[in-house]
Amino acid sequence: MDARAHEPERERLAAAQEGGPGRLGFRRARALSALRHLGPHRAGDARRGRVARRPARAGRGEGGAQGRAARGPATLAEKPFSRRGWVFEIKYDGVRVIAERRGDQVKMLGRSGEDITARYPEIAEALGALAVPHFVLDGEIVAYDESGRPSFARLQKRMLLSRPRDVAAAMARVPVRAVFFDCLALEGCDLRKLGLLDRKECLARALPPAGVVQAGDHVEEHGEAFFEAASEMGLEGIIAKRGDSPYTGKRSTDWVKVKCQRRQEFVVGGYTDPRGGGRHFGALHVGVYEDGRLVHVTRVGSGFDDAMQDKLWPQLQSLARKDSPFGDTGPDTRADHWVEPRLVCEVRFTEWTADGGLRHPIFIGMRDDRKPEDVRREEGREAESEPLPESDVASDDAQAGGDGASDGVPSDDAGDGGAGEARAGPVARGGAGSAGGERVVRLSNVKKTFWPDDGYTKGDLIGYYETVAPLMLPYLRDRPIVLTRYPDGIKGKSFFQKDAPVFVPDWVRTESVYSKDSERDIKYFVLDDVESLRYVANMGTIPIHAWSARSGSLERPDWLVLDLDPKGAPFAHVIEVALALRRILDDLELPGHPKTSGATGLHVLLPLGRRYTHEESKTFARLLATLVQHEKPEISTLARPLHARGGKVYVDWGQNGHGNTIVAPYSLRPLPGAPASCPLKWSEVNGRLDPARFNLRTLPKRFEKLDDPLAGVLGPGLDMGTAIVAIEERMHREGPP
DNA sequence: GGACACG
DNA sequence: CGTGTCCAACGCAAT
DNA sequence: ATTGCG
Ligand SMILES: [Mn+2]
Ligand SMILES: [Mn+2]
């Protein structure tokens with residue numbers, strides 16, 4: 001999944017080391033004579049300059065319960081060190097594993113000796129495929145987050161599974177690898193009495209340096225440079241071990257851990273102006289007390305969201321003062337503003353710099369349980385696990401938390417499901433700014449490829465929406481919408497966005513809607529005009545999802561939607577179900593208009609004319625869906641769980657509640673070919689219908705000479721009362737569903 | 001994509 | 001300048 | 001309470 005993505009980091013680490021002081025001697029351990037007959041794992045493998053990979057740092061503070069329990073109470077060092085005879089390894093944030101292979105038999109044991117082979121079948125398989133048929137290895141199973149860093153939170157999604165079904169499903173979502181750092185036995189030789197370096201030499205002969213199973217890297221002697229590079233990469237930490245130590249498998253006092261991340265409280269003494277517009281402030285000025293006076297330490301501008309800025313801003317205003325509380329120990333320019341030093345915040349960082357600043361400061365949160373006067377520079381506090389502080393003697397029980405980085409791949413209807421990988425794609429600066437109230441979008445990166453298979457760029461995306469704006473805007477105007485953003489194109493990471501960030505120019509309309517769930521107002525985008533549409537397109541928005549209700553009548557939807565979702569079912573069946581629905585609507589004298597979802601499904605919209613509530617709409621939709629399913633029981637279903645659908649078309653009536661959305665008519669989809677959700681005439685709903693034919697390139701042409709077939713949806717609404725009478729008559733004729 | 005901080 | 005880090009949803013029902 | 005789904 002992400003193998004590629006890590007390569008650059010690996011190179012960086014290697015480079016950082018080579019350039020480092022004294023250049024690292026990758027002294028190869030002497031090959032063991034007993035094992036000389038084993039060739040190197042790869043032809044010509046000198047393992048030169050190979051260094052650790054694997055960024056780390058999310059997840060539990062402590063390198064995983066497993067590691068701790070099994071590897072014993074390694075002491076914790078405050079500072080990295082370099083020492084002859086010592087070996088330095090990356091501290092992986094994973095789960096301990098002992099893997100044994102005897103010919104065809106592979107067995108993996110967890111920390112307390114439980115058999116975890118079935119839980120990680122891909123690793124067992126990779127071990128079974130190695131050239132060396134007999135071994136016992138000690139290592140760590142690791143999962144990675146989107147940006148390629150080890151994520152204990154992700155790994156937990158697999159740690160608890162046991163049913164083969166669940167495991168198989170999770171394999172695709174949470175790929176894992178195993179990194180081994182020790183070799184207990186190889187080709188029948190017990191290696192446990194050998195020194196660590198010798199065992200690592202054997203390890204390198206059994207395992208490749210990269211892959212689903214890999215030999216963990218290490219360097220000798222030069223711990224500081226290694227630590228430096230590890231910190232640079234955001235790794236969790238390093239472990240130092242004596243190079244000549246025999247295998248103990250258990251507690252080892254000659255192991256020393258050094259963590260990269262630190263955190264402590266700081267006093268807020270001011271803030272800077274934001275560089276762009278939008279935010280209240282750019283960064284906070286923070287410091288600590290030293291000999292009774294407040295000393296400036298750093299600015300910290302990363303880590304708060306808009307909500308935190310909003311919360312902080314009034315407090316900063318009320319504490320405003322003219323001169324710097326840091327005296328002459330900090331900056332004082334026109335862009336700096338000062339406050340009474342009464343607020344305390346917590347900051348995560350990698351290290352103190354020589355001149356008393358911080359490297360990589362990240363704001364964590366405000367702390368009101370700490371008096372500002374008590375805030376001093378602390379020497380030895382390393383960071384705990386990120387989401388929740390946790391006692392050191394943690395058990396292995398799960399706790400979600402994590403960085404909340406759900407790989408939100410929007411699906412809407414019959415979705416692709418193609419989750420994006422984080423790619424090391426080209427990065428470019430650029431801005432869409434509000435030039436003094438001027439309704440002009442400054443487009444950025446218009447040549448960036450968004451659909452690599454088709455060669456369409458972000459400029460094409462924006463151009464498309466500009467072109468179809470006259471057709472599309474009637475379905476967007478006055479409506480809260482939800483963006484699905486793909487800033488790096490359809491293969492990149494994606495996310496939903498409801499709340500308009502503070503930096504959007506004020507000429508883009510927003511509508512505040514209270515969210516019960518998050519207990520706050522969400523400022524939804526509202527796209528009333530082509531400029532606003534261009535603005536969100538420039539943000540990398542591909543699909544636009546629209547509410548069925550408009551501002552001013554948010555509880556009274558304009559339409560009802562029935563969503564026909566295949567998901568394995570043949571498209572011909574979708575057509576057949578849609579036509580059955582149409583016959584029912586005709587029978588009941590109800591209006592209904594079809595559109596493609598843009599993926600593989602069809603939407604049928606019925607005008608409601610703001611006559612009913614969302615609840616009423618949903619109830620009526622369920623009634624209609626039931627009639628359809630009754631009409632086509634062999635090929636349609638009302639069952640939501642995928643496994644219960646049995647290859648039938650899902651008649652989804654449930655997307656008619658408050659706050660539910662549909663892919664807006666004419667909206668593009670993040671799929672190869674750039675298909676659009678395209679309104680249809682009923683006469684087009686037949687066996688020759690191919691949804692892929694309506695796309696970024698072709699759709700504008702289609703509507704040059706075709707009126708919007710969906711227009712009726714915004715017209716007079718249907719009458720449920722009349723329809724229900726007709727339904728009763730129909731049931732008399734045909735029997736109850 | 002856009003906001004930071006850093007080198 | 002370029003680089004890296006952080007942030008950007010929610011409402012359900014089923015188990 | 002956690003997950004699956006859209
Ligand atoms: Mn659908
Ligand atoms: Mn980006």
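Visitor: Proline 314: buried, exposed or partly exposed?
Guide: Proline 314 counts as partly exposed, because its relative accessibility is 47%; buried means under 20% relative accessible area, exposed over 50%, and partly exposed in between, with a 1.4 Å probe and protein chains only. This is a predicted model, where local features need pLDDT of at least 70, side-chain atom pairs count only at pLDDT 80 or more, and totals for chains, interfaces and linings use all residues. Residues are numbered from 1 along each chain as its sequence is written, chains are lettered from A and ligands numbered from 1 in the order in which they are written, and side-chain values use heavy atoms, with hydrogens and water left out.

Visitor: Which helix is proline 314 found in?
Guide: Helix α8, residues 306-318. Helices here are DSSP runs of H or I with at least four residues, strands are runs of E with at least two, and both are numbered from the N terminus.

Visitor: Switching topic. How many helices and strands in chain A?
Guide: Chain A has 15 helices and 32 strands. Of its 737 residues, 53% count as buried.

Visitor: And the largest nonpolar core, which residues have the most contacts inside it?
Guide: Trp451, Tyr465, Leu476 and Phe525, in a core of 85 residues. A nonpolar core is a set of buried Ala, Val, Leu, Ile, Met, Phe, Trp, Tyr and Cys residues joined through side-chain atoms within 4.5 Å. This core takes at least three residues from each of domain 3 (420-547) and domain 4 (559-732), with bounds from an automatic or database domain assignment.

Visitor: What is tyrosine 465 in contact with?
Guide: Leaving aside neighbours within four places in sequence, its contacts (heavy atoms within 4.5 Å) include Met472, Leu533, Ala537, Tyr666 and Leu668. Tyr465 in α9 is also among the residues that meet α10, where the partners include Val530 and Arg534.

Visitor: At what angle do α9 and α10 pack?
Guide: About 155 degrees, with axes 9 Å apart, for α9 (residues 458-472) and α10 (residues 530-538). Axes are lines fitted to C-alpha atoms, for helices over the stretch in contact, and angles run from 0 to 180 degrees between N-to-C directions. So α9 is roughly antiparallel to α10; angles under 35 degrees count as roughly parallel, over 145 as roughly antiparallel, 65 to 115 as roughly perpendicular, the rest as oblique.
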